Amino acid sequence: MTARTRDRFAALALGLAPALVVGLVAAIVVDVAWDGLGQIDRSFLTESPSQAGRSGGIASILAATGWVLLIGVGAALPVGLAAGVYLAEFGRTGLRTVRGALDLLAAVPSVVYGLFGLAFFCETLGLGWSVLSGGLTVAMMILPLFVRLCEAGLRAVPDDYRAAGLALGLPRWMLLRRVLLPQAAPSIAAALVLATGRVMAESAVFLFTAGASTRMPEGLLDPGRVLAVHVYLLAVEVPGGSARAAATALVLLAGILATTGAAAALPRLFLRNAHA
Amino acid sequence: MRRPLADATFAAALRPASWIAVVLPGLIAVFVGVQAWPALRATGGLPFVMDSRWAPPSGQYNLLPMIAGTLVSSIAALILVGPVAVAYGLHVNLFAGPRLAAVSRAGVGLLAGVPSVVFGLVALTRLVPLLVRDHPPGLGLGVTVVTLAAMVLPTAASAIDAAIQQVPTDGIRAVRALGLGAWDGARGVVLPMASRGIRTGLVLALGRAVGETMAVLMVAGNTVQYPTGPFTAFRTLTGNVAVEMAYAMDLHRSALFVSAALLFALVAGILALEHRRA
Amino acid sequence: MSAALPTNPTVEVRGVTVRYGRHVAVDRAEFTAPPGVITALVGPSGSGKTSVLHAINRLHELDRDVQVEGMIRVGSDDVRTLDDYTLRTRVGLIFQRPTPFPMSIRENVRFPLRGHGVARSELEGRVQAALVRAALWDEVKDRLDSAATALSGGQQQRLCLARALSLDPQVLLLDEPCAALDPQSTALVEETLRALVGRTTLLLVTHNLAQARRLATHLVCLWPAPGGGRVADEGAADRVFAQPATAELCDYFAGLTG
């Protein structure tokens, strides 16, 4: 067998792998859309579930998801940004400890986060099953991602800017505010968007911390059922719920797809407006 | 004109954020530990592997069936994923043209974004009914392994893709300059040189598989027994916690925290093993 | 692969332009490398020497966005009409930096032989023959199974030579093979190249004019220009060194530029 023939075989055989990946994505999307698309209409998005979710819509589910997103990203952003700035611009001692701690946080399985959230936020802090507990727990989960992306975004800004700032005698915080952070903004925005996608995909955590109530959450301490949890419960605990589960899954997928797409497109968008 | 005081103050203001990050893992460890302590103290630890079965209300805490369930399903999934992920990495870097490569990578990115529950839903509504006729109820090890494999494939594939990209192109050019092909280059140069990165990718995938909860919960069958065949219903450590937490009390609850701690030790151990070898 | 037919082809480059995207590296290069002798391709950085060399065994096809126009002939064959895999067994290429494969010394030389279907019974003999031709045999014969990456730079480059020679190429292209080597290794490589004269047509790109003087029978001079590198002079090495066609070449040879 010549080298050329070997290559032909290899290209075909190895090519089955990416074909499988693309096929899986297509199969999942088609599947979920096939079962669920028909269920989605205006009322689906504006009404809350009734009959354990067999009818009605997902309005309260969407609201609960929105709440935990806001709380989760809102809590993680300042801490993550501050830590990212510190690691990129100031860190000299203790860097390895911080990074090690972040790696550890990233390795914790979601059930363990769920249990921790239950024990700490819900019980010890007395927040109970609430969107607040859920949001704060998930904030811990996305923190490593945030810190890593913010730090990377800042490190990517060329040192020329810092040198110029020092030469002008600017204090660090002003340099950051006026020059470095705007330059790193696309990466930070992408980090925000990616973190959103990750929060939406989580379910075990919220099952333990935010509860499974289908009532519309109206305050921080109200429980709520997020999209992923709704999909699970409809599929597993509600006979005849698989069509609604698929519809909810479709909405969930659409949301996550939007975040993946946005995260990819954001850097280009920023670059276009950057040097005006 | 430098204002070191302003800088130092600013740094001091930022530092607590890093401290929060450092404190958090400790916080998790403490709280999980505190909740797990009662069961550990009451049993002394050994019953978790020595009792006759898992039945906490009766004071039986044997976790081995669940540990076996986690390990068997994850390792089996890894065996399925490994060759596919390596084939993907080789194809995308050595055989595919730029457009094909972009499509493949986008595919992996999208698959990575699909949530656990959606994998579980599709497996439940499509795979399980295929098996129900001949092997009721269709849930069990086989479906779980296939689902897990699909879920961790993107993790392994993108890590291996990155590892192969890092191999300098000199070696491949030298192979081609001898009239040999891309496959020869893959065998002789790329795979040996990327082997460490490939191993890391596979370990990451294993870690993810061990930590998976929802999809596994939906298709594993929720029975406390050793997974002996492709149609055996079983439970993983994660599933065990998720299913029983809702109604567990006192020592039972504490025992579940013990299993969560064990799970985390398992994942941390797998990842640490790889760190040390690198 | 005929080990017994050194046919010493002439290498003809006719009107060859090499483009990387919009950048033109070589503009309508035209020269001939006579059969069985060493032709040196010289010129300062940016004159397109490497680009022309890589076009001869179509190695540029491994990269995206490279276009080659014009005709290149090896013997009576247009290189574009040949199967590219086969072409590269007839036309070998040695790179500037040594590229040992991550395997033992023996495996390095066996790799191309096995890849082209040489019978197992013949392997040991051909491995030894190749290492002898590359002036490496004596140094490594007792440790053929040790890692090739543990060899010194000069030894690694001679290993690359052995690999290329194992296939008995009719043409050998060398892209500044001694640039990263110490003087002793350089001398050994040059000795190997001289031994190939008469059996192989050699094209040697070099920055080292003294080396070109030592080795080359025929000389091609490339010079950078805004529209791409061009051939500034070509001919018998003695003549070109003594009477270069342009004033810039004069200065270059005198060591004042490049």
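In the predicted model, the backbone nitrogen of C:R28 lies 3.1 Å from a polar atom of the side chain of C:T17. C:T17 itself is a residue of strand β1 of chain C, and with a relative accessibility of 7% it counts as buried, because the limit for that class is under 20%. When neighbours within four places in sequence are set aside, the residues in contact with C:T17 are C:V24, C:V26, C:D27, C:R28, C:Q67, C:V68 and C:E69.

The strand that holds C:T17 belongs to an open sheet of four strands in chain C, in which the order is β2-β1-β4-β5 and the pairing is antiparallel. The edges of this sheet are formed by β2 (23–33) and β5 (77–78) of chain C, each of which pairs on one side only. Strand β4 (residues 66–74) of chain C runs antiparallel to β5(C), to which it is joined by two bridges, and C:R73 is found opposite C:D78 of β5(C). Helix α1 (residues 49–56) of chain C packs on the sheet, where it touches β1 (11–20), β2 and β4 of chain C, and the direction of the helix makes about 65° with that of β2(C).

Elsewhere in chain C, helix α7 (residues 183–196) comprises 14 residues and reaches 20 Å from its first C-alpha to its last, a span close to the 20 Å expected at 1.5 Å a residue. Its buried residues are C:S185, C:T186, C:V189, C:E190, C:T192, C:L193 and C:L196. These residues lie on the same side of α7(C), because the arc that they cover around the axis is only 155°. On the other side of the helix, by contrast, C:P183, C:Q184 and C:A195 are exposed.

The surroundings of the buried residues of α7(C) are made up of both strands and helices of chain C: the residues pack against the strands β3 (38–42), β7 (171–175) and β8 (201–205), and also against the helices α4 (120–133), α6 (153–166) and α8 (209–215). Just after the helix, C:G198 takes a positive phi of about 95°.

Terms used
Residues numbered from 1 in each chain as written. Chains lettered and ligands numbered in written order. Predicted model: local features only at pLDDT ≥ 70, side-chain atom pairs only at ≥ 80, totals over all residues. Heavy atoms only, no water. Expected span 1.5 Å × (residues − 1). Buried < 20%, exposed > 50% of the residue type's maximum accessible area, 1.4 Å probe, protein only. Arc of directions from axis to C-beta. Contact = heavy atoms within 4.5 Å. Pairing = 2+ DSSP bridges. Axes fitted to C-alpha atoms, helices over the stretch in contact; angles between N-to-C directions. Polar contact = N/O pair within 3.5 Å; in protein donor to acceptor, adjacent residues only side chain to side chain.
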